[in-house]
Amino acid sequence: MSDKRTKARRTAHSPRPGGAGDARRDALLQAAVRVVIREGATGASVRAIAEEASVSPGSVLYYYDGVDDLVNRALEAVMDRFHDRRLKVVAGGRSPVEKLAEMIRLGVPDDVGDELRSVYESIGTARTRPETLRMHRQVVERQVTLYRSLLEVGTESGDFAPQHDVGLIARNLVALEDAYDLYPQLGLSLTGAERRAGVRAYAELALQCTLPG
């Protein structure tokens, strides 16, 4: 492909700054989020997203560089929603033990729901979508960082007495949440309360604390 054709292609797929273009890109992204949540990452297509947004497939490709680009941005938006909810908990004014209990409640809900389910299901596409793999790694590290910051504050205040390195405890909490969230997908019949109890038991043992109910 000549330099001129390459430049033209990049221009066609580059974000259009300002005004109606920004609104159209956002509308397409929100449509992609709804499709990904409803159909999963593997069920999303340019046509499905276009129909959801009530536009032509050509409009989708005008603003985004193919379906993988848009699906990755949709997954990232879903992951950001989850992260932001937990960030508000850590930044709030409650005690460290209350924050930890709420973090676990958010991380292991009664019903995993379509949003989290779409994120977990998209792991299967990561082998062919390097950007999806990068996002999954990033969301894990962000959750570990949130937990670690909370544990460090709670240790400083005397609410927690870590029995191991707080970084290791934070990583184990995230791993346990992910494992218990996958239980319903595997048909393992534990209630949300039972799954949370598994995470809470580890947290209380590792931090020598009692979490509020």
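1. Asn172, with a relative accessibility of 28%, counts as partly exposed, and this residue is found in helix H9, which spans residues 166-182. The C-alpha atom of Asn172 is separated by 27 Å from that of Ala41, a residue 131 places apart from Asn172 along the chain. These values, like those in the points below, come from a predicted model.

2. On confidence, the chain averages a pLDDT of 84, and 90% of the residues score at least 70. Over residues 1-18, however, the pLDDT is below 50, and this stretch has 18 contacts in the model beyond near neighbours in sequence. Where pLDDT is low, the predicted coordinates should not be read in detail.

3. As to the overall fold, the chain has 10 helices and zero strands, so that its pattern, read along the sequence, is α-α-α-α-α-α-α-α-α-α. The C-alpha atoms fill a box of roughly 65 × 35 × 30 Å, taken along the principal axes. Of the 213 residues of the chain, 42% count as buried. Among the contacts in the chain with a separation of 6 or more, residues 24 or more positions apart account for 66%.

4. The packing of H9 against helix H10, which covers residues 192-207, is described by an angle of about 170° and axes that lie 9 Å apart; the two helices are therefore roughly antiparallel to each other. From H9, the contact involves Leu168, Ile169, Asn172, Leu173, Leu176, Glu177, Tyr180 and Asp181, which meet Arg195, Gly198, Val199, Tyr202, Ala203, Ala206 and Leu207 in H10. By residue class, this contact of H9 with H10 divides into 10 nonpolar, two polar and three charged residues. Asn172, the partly exposed residue of the opening point, is thus one of the H9 residues that meet H10.

5. H10 also packs with helix H6, residues 96-107, at an angle of about 150° and with the axes 10 Å apart, which makes H6 roughly antiparallel to H10. The crossing of H6 and H10 is right-handed. On the H6 side the contact is made by Leu100, Ala101, Ile104 and Arg105, and on the H10 side by Arg196, Val199, Arg200, Ala203 and Leu207. The residues of this contact divide into six nonpolar, no polar and three charged. Val199, Ala203 and Leu207 of H10 take part in the contact with H6, and these residues are also listed in the contact with H9.

6. The remaining pairing among these helices is that of H6 and H9, which pack at an angle of about 35° with their axes 10 Å apart. Leu100, Met103, Ile104 and Gly107 of H6 make this contact together with Leu173, Glu177 and Asp181 of H9. The residues involved divide into four nonpolar, one polar and two charged.

7. Leaving aside residues up to four places away in sequence, Ser59 touches Arg24 and Leu28.

8. Glu141 is found in helix H8, which runs over residues 130-157, and its relative accessible area of 38% makes it partly exposed. The C-alpha atoms of Glu141 and Pro130, which are 11 residues apart along the chain, are separated by 17 Å.

Notes
Residues are numbered from 1 along each chain as its sequence is written. This is a predicted model: local features need pLDDT of at least 70, side-chain atom pairs count only at pLDDT 80 or more; totals for chains, interfaces and linings use all residues. Side-chain values use heavy atoms; hydrogens and water are left out. pLDDT is the predictor's confidence in each residue, from 0 to 100. Contact means heavy atoms within 4.5 Å. Axes are lines fitted to C-alpha atoms, for helices over the stretch in contact, and angles run from 0 to 180 degrees between N-to-C directions. Helices (H or I, at least four residues) and strands (E, at least two) are DSSP runs, numbered from the N terminus. Angles under 35 degrees count as roughly parallel, over 145 as roughly antiparallel, 65 to 115 as roughly perpendicular and the rest as oblique. Ala, Val, Leu, Ile, Met, Phe, Trp, Tyr, Cys and Pro count as nonpolar, Asp, Glu, Lys and Arg as charged, and the others, Gly among them, as polar. A crossing is left-handed if the near helix is turned anticlockwise from the far one by less than a right angle, and right-handed if clockwise. Buried means under 20% relative accessible area, exposed over 50%, partly exposed in between (1.4 Å probe, protein chains only).
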